Structure formats: structure tokens, C-alpha cells
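Visitor: Please take me through this model step by step, and tell me what each term stands for as you use it.

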Amino acid sequence: MLLTQQGTTSRNELAWTRWVLQSARIWPDVAGIVRKIGIRAVDEDHRKFTQYALALNLIIQALNNRDTSFENLHKGDDIFKQLLDYAHIHFQREERIMRSMKSPMLGQHLEQHGMFLGMIEEHYDNFQQGRLQMVSGLKLSILDWWVNHINVVDYKTFVLGKTENMRLEA
């Protein structure tokens, strides 16, 4: 799913990014590959959501290693809820900012947000149903989509799409 940023990312850069995403455990591990948007609240949302996604990856890894303790199952459930709650908060914030910018990318951006929420909800449903094999496929998919969305779509919308060189606050 990783796309090139403005069509200039080399195969080596994509391989490096994929390796970072696969091996990351905490925010500083991925901070160097996530673009800053320049809107403090949005950049902070990106950091927090990434931390939730990384925490979920650790739980999925434990479950894949057959550590299906009740503690890990409860942690996984809590993290899924935090991901969904925070995604809604973040996407609402971005929508408010895009509307204030009168962004022509609003419709496309909101459509992507809806698809992403649907993906998380589907994985959460599989998790709740005990289909842990299905959930293992999500280990990289959420983080991969998220980082790609920030680096390409959010960057185009909030950095390249600004008509004035100003910093919006949400």
C-alpha cells in the first residue's frame, strides 16, 4: 500500500519505510518517516494514533506467538476502542480545518477516512469474534495505511493545499 510521495520515492526508500513499519515498537521508531503537517493539533493526533497502532501491533504479535491470555485479549479490545475513538476525534478535527480552508480535497479526504474507519471496524469485529487469524493480517495494514495517508494525502491537503502560508490551529 505504501505509495510514493510525489512520485519521487525510490525503491530503496520504500523498502526502508516498510522495514521501519514492520519493526517499530514505539513512536521514536517511526517518527523519522512520518511527515509533519505543520498544524500542531494534527501532528499531535498523528503521533498519538501511531502510538495506539504500535501498541495494537505488539498485542497482535503476542497473540500470534500464542500468548492468548485474557490480559492480552482485554488489552487488544481496549486498544481497538482507543483507535476508533481517536480516529473519530482526529478525522473530525481534520474535517473542520479542511472546511475552514475550503479545501477542494475535502470529499476525497473524507471518503478515505470512511474507508479507514471501516477497515479498523472490520478488524475489530474479527477480533471480538475470536478470529485471531484474520486479525494478524492487520498488524501492518493499519500502520501502513496511516503513515501513507499522512505522508501523501494529509501532506497534499494541509501543506501543499494551503493558499496562504499560515499555521491553522484546531
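Guide: Helices here are DSSP runs of H or I with at least four residues, strands are runs of E with at least two, and both are numbered from the N terminus. This is a predicted model, in which local features need pLDDT of at least 70 and side-chain atom pairs count only at pLDDT 80 or more, while totals for chains, interfaces and linings use all residues. Residues are numbered from 1 along each chain as its sequence is written, and side-chain values use heavy atoms, with hydrogens and water left out.

Visitor: How many helices and strands are there in the protein?

Guide: Read along the sequence, the pattern is α-α-α-α-α-α-α. The count for the protein is therefore seven helices and zero strands.

Visitor: In which helix is Tyr-52 placed, and is Tyr-52 buried or exposed, or does it fall in between?

Guide: The position of Tyr-52 is in helix H3. Buried means under 20% relative accessible area and exposed over 50%, with partly exposed in between (1.4 Å probe, protein chains only). Because its relative accessibility is 24%, Tyr-52 counts as partly exposed.

Visitor: Which residues is Tyr-52 in contact with, leaving aside its neighbours within four places in sequence?

Guide: The C-alpha atoms of Tyr-52 and Lys-81, which lie 29 residues apart along the chain, are separated by 9.9 Å. With contact taken as heavy atoms within 4.5 Å, and with the neighbours within four places set aside, the residues touching Tyr-52 are Ile-79, Gln-82, Leu-83 and Tyr-86.

Visitor: How is H3 oriented relative to H4?

Guide: The axes of helix H3 (residues 40-64) and helix H4 (residues 70-101) come within 9 Å and cross at roughly 160°. Since angles over 145 degrees count as roughly antiparallel, H3 and H4 are roughly antiparallel.

Visitor: At roughly what angle do the axes of H4 and H5 cross?

Guide: H4 is roughly antiparallel to H5 as well. For H4 and helix H5 (residues 106-128), the axes come within 11 Å and the crossing angle is roughly 170°.

Visitor: Where is Lys-102 placed, and what is its relative accessible area?

Guide: Lys-102 sits in the loop between H4 and H5, and although it is not a glycine, it has a positive phi of about 55°. Lys-102 is classed as exposed because its relative accessible area is 71%.

Visitor: What percentage of the residues of the protein count as buried?

Guide: The protein has 170 residues. The share of these that count as buried is 45%.

How values were computed. Axes are lines fitted to C-alpha atoms, for helices over the stretch in contact, and angles run from 0 to 180 degrees between N-to-C directions. Angles under 35 degrees count as roughly parallel, over 145 as roughly antiparallel, 65 to 115 as roughly perpendicular and the rest as oblique.
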